[in-house]
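Here are a few notes to read alongside the model. Have it open while you go through them.

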Amino acid sequence: MISASIFRAARLSRPLSTTCTRSLGRLNDILENYRASHYSQELPKRFRKDIVKAASKRSSPLLPSPGIISAEGIENVLNNIGAGDQMSHDEIETILREVCGSGIGGTEKCVISADQMMDLISNRTL
């Protein structure tokens, strides 16, 4: 079982690549547009928590531990909010690979913790 403390210790202190930064900006723009339309009465933090929870829930059947997010979990959330066609699987994988540190073109499945996802969509540096 993968513990969340391992993920917290593995947070990156290096800057993300330009490609990853662009993809992350697109993801945040998509989520912000949805939040402004559908969560306008809620605090932004509540919205982010709901997104992370939904992404984790959609990732969990594929993973051995709750609170872990895969590309499929993020894609599922985007599909559910009607934005599935606005980001490619490769863009999501690029974000996850840089955050989890496996680099570009790795063959293993890359996942991130719920805390890392919260940092990403909160525009906080990892």
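Which residues line the second largest pocket?

1. Bear in mind that this is a predicted model. The lining of the second largest pocket is made up of Asn28, Asp29, Leu31, Glu32, Arg35, Pro44, Phe47, Arg48, Ile121, Ser122 and Asn123. The volume of this pocket comes out at about 160 Å³.

2. As for where that lining comes from, α2 (18–38) and α3 (44–59) each give at least two residues. The largest share belongs to α2, with five residues.

3. Sorted by class, the lining of the second largest pocket holds four charged, four nonpolar and three polar residues. Asp29, Glu32, Arg35 and Arg48 are among the lining residues, and Asp, Glu and Arg count as charged.

4. Now the cysteines. Searching the whole structure turns up one disulfide. The bond links Cys100 and Cys110, with an S to S distance of 1.6 Å. Its S-S torsion is about -115°, so the disulfide is left-handed.

5. Another cysteine to look at is Cys20, which is buried with a relative accessible area of 0%. The cut-off for buried here is under 20%.

Definitions and conventions. Residues are numbered from 1 along each chain as its sequence is written. This is a predicted model: local features need pLDDT of at least 70, side-chain atom pairs count only at pLDDT 80 or more; totals for chains, interfaces and linings use all residues. Side-chain values use heavy atoms; hydrogens and water are left out. On a 1 Å grid over the protein atoms alone, a cavity is a set of points where a 1.4 Å probe fits but cannot get out, and a pocket is an open set with protein on both sides within 12 Å along at least five of seven lines; lining residues have an atom within 4 Å of a point. Grid points are joined across faces, edges and corners, and a volume is the space filled by probe spheres set on the points. Helices (H or I, at least four residues) and strands (E, at least two) are DSSP runs, numbered from the N terminus. A disulfide is a pair of cysteine sulfur atoms within 2.5 Å. Buried means under 20% relative accessible area, exposed over 50%, partly exposed in between (1.4 Å probe, protein chains only).
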